[in-house]
Amino acid sequence: MSDVIKFKLRKDELVMLALVYLYLMICPFNKVEESFNTQAIHDMIYNTKYLYYYDHISFPGSVPRTFVGALTVALPTGAVSYLSQCPKAITYSLARMVLGLYVVWSFSTFRRAVKKIFGGTTASCLMWITCSQFHFMFYASRTLPNTFGMCCLLLSTAYWINKEWESFLWWAGLGVLVFRSELVILLGPMLLLEMVSGKLKINELITPGLQTAALILVACCSVDSYLWRYTVWPEAMVLYYNTWLNKSSDWGTLPLLWYFYSALPRAMLLALPLSVVGCLTDRRVMNFAAPALLFVALYSLLPHKELRFVLYAVPLLNVAAAYTLSQLWSKGQLAKLVVVGGFAGHLLCCGLFLSASHHNYPGGYALQALHNQAPCSQNTTVYIGNFAAQNGVSRFGEKCESLYGDRRWNYVKTETLDVETIRNFNILLVEPKEAHHYQFTHSVVEKFHVYAGLQFTKDPPFVLTKKKEAIYLMKSKKIKKKVYVKDS
């Protein structure tokens, strides 16, 4: 392997890592789309001997996911957790810190490769542009398949820049075959560009490509098949489910051009028009921008859309924006003032995005608060409603659970329980619209709110975050009988 990949960070890249960790601390909980990897990391650390207790056995989801990413995070996190004997909540933060380190390291590798083409000023601009964009930094520590896919994309792109095809195939293969199959739409055109220019011949890729794919599939599918307890290639199942069956549409649809008029402008901010200027002024940046734009265009054909699905395009388009910014920086003091003003605008947007995100995990705050309602030594049953389970609750927050045998607390998030059964739980985390079912058996102890938009005012700070009630923490007035529902 070339020295393109070195596990080291510059001082300014340590600033990037610090920002990732700051976002982590302000938004310490997980959403439902992160839950598979979050629960898998928990089980790999705390449940090493008993596969039966793994969360995915009770809640397999609509389609199997790979454990490979969770394993790469759980191994170092588990070692630190075991040596320090830290609480579960701290362990979860450590896990996300490990993932954030992977992303920043991958970006550092990508940035060094970009520096070889465009020089140090462009590389520095690339780093600072990325730091000032909220979504890349926010998702860098999120245990999403997309985040693991981002690491593979950045590393494979670095090898693509350096024309090291064997290493490119390894990281591209891992990204496409294991984490996110749609990356083939982005990485494929990169190879096509090389073939069209005559720098690469297809027969140079066939044999090593097949060998690499076979080794990756054997290794990764062995891990996943063991943990799922049947032979499976998870990413192939995901591709079939979301694309061929188009089941992703069940989670909502958006207009065809939504990525272009909403997602990319929010993710890139002022870097988006700068990237357009860069494409018009230097042909080299088109090698980065063209595959990214083609990827977004093709991915727009799927009706279900989320910003994180096209976040891979942002670092590539940022190269074009960084090139423009480096040229602008050399135009004099007035130009530098414009650049500084642009960064100030980015930071303001980051503050607004971060404030909204902080209020998007009421289930996590509710799970923290409920442990004040009874000692861990007391037998307690907790019902976790669907909204709480999707917005902040994870096994890392289950402070009073003993996994083997002596289970003082029983946390249940089964969606099929009827009202009469739920009334027999000691503590409930339910939505306001459901609370009336339990008003005679339970009392509201605390209310938790969720982000509900922005409100503009005439007085400072001029923009306020609106919130609405999302979860009620309810405690039983009098328990009629003991209830135990198997949930994990």
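The crossing of helices H9 and H10 is left-handed. This description, like those that follow, refers to a predicted model. Two packed helices are described by the angle between their axes and the distance between the axes. For H9 (residues 165-179) and H10 (residues 183-196), the axes come within 9 Å and cross at roughly 160°. Angles over 145 degrees count as roughly antiparallel, and H9 is therefore roughly antiparallel to H10. On the side of H9, the contact is formed by Trp165, Phe168, Ala172, Gly175 and Val176; H10 contributes Leu183, Val184, Leu187, Leu191 and Glu194. By class, this contact comprises eight nonpolar residues, one polar residue and one charged residue.

Helix H6 (residues 120-131) and helix H16 (residues 313-329) have axes that come within 8 Å and cross at roughly 120°. H6 and H16 are therefore oblique to each other, and their crossing is right-handed. The residues of H6 in this contact are Thr121, Thr122, Cys125, Leu126, Ile129 and Thr130. From H16 come Pro315, Asn318, Val319, Ala321, Ala322, Tyr323, Leu325 and Ser326. Nine of the residues in the contact of H6 with H16 are nonpolar and five are polar, while no charged residue takes part.

The largest pocket holds about 1,400 Å³ of space. Its lining consists of 45 residues, and those nearest the centre of the pocket are Val32, Glu33, Ser62, Arg65 and Trp251. Several helices give two or more residues to this lining, namely H2 (35-46), H3 (55-58), H10, H12 (234-244), H15 (283-299) and H19 (386-390). Divided by class, the lining of the largest pocket has 20 nonpolar, 14 polar and eleven charged residues.

The second largest pocket contains about 810 Å³ of space. Of its 26 lining residues, Lys31, Glu33, Tyr139, Ser357 and Asn360 lie closest to the centre. Glu33 is also among the residues nearest the centre of the largest pocket. At least two residues of the lining of the second largest pocket are supplied by each of helix H7 (134-139), helix H13 (258-268), helix H17 (333-358) and strand S4 (442-456). Of the elements, H17 gives the most to this lining, with five residues. The lining of the second largest pocket has 14 nonpolar, five polar and seven charged residues.

In the whole structure, a search finds four cavities of 30 Å³ or more. The largest cavity has a volume of about 80 Å³. It is lined by Val103, Phe136, Tyr139, Ala140, Asn146, Thr147, Met150, Arg308, Leu311 and Tyr312. H7 and helix H8 (145-161) are the elements that give two or more residues to this lining, and H8 provides the largest share, three residues. By class, seven residues of the lining of the largest cavity are nonpolar, two are polar and one is charged. Tyr139 links two of these regions: this residue lines the largest cavity and is also among the residues closest to the centre of the second largest pocket. Helix H7 likewise supplies residues to the lining of the second largest pocket and to that of the largest cavity.

Key:
Residues are numbered from 1 along each chain as its sequence is written. This is a predicted model: local features need pLDDT of at least 70, side-chain atom pairs count only at pLDDT 80 or more; totals for chains, interfaces and linings use all residues. Side-chain values use heavy atoms; hydrogens and water are left out. Axes are lines fitted to C-alpha atoms, for helices over the stretch in contact, and angles run from 0 to 180 degrees between N-to-C directions. Helices (H or I, at least four residues) and strands (E, at least two) are DSSP runs, numbered from the N terminus. Angles under 35 degrees count as roughly parallel, over 145 as roughly antiparallel, 65 to 115 as roughly perpendicular and the rest as oblique. A crossing is left-handed if the near helix is turned anticlockwise from the far one by less than a right angle, and right-handed if clockwise. Contact means heavy atoms within 4.5 Å. Ala, Val, Leu, Ile, Met, Phe, Trp, Tyr, Cys and Pro count as nonpolar, Asp, Glu, Lys and Arg as charged, and the others, Gly among them, as polar. On a 1 Å grid over the protein atoms alone, a cavity is a set of points where a 1.4 Å probe fits but cannot get out, and a pocket is an open set with protein on both sides within 12 Å along at least five of seven lines; lining residues have an atom within 4 Å of a point. Grid points are joined across faces, edges and corners, and a volume is the space filled by probe spheres set on the points.
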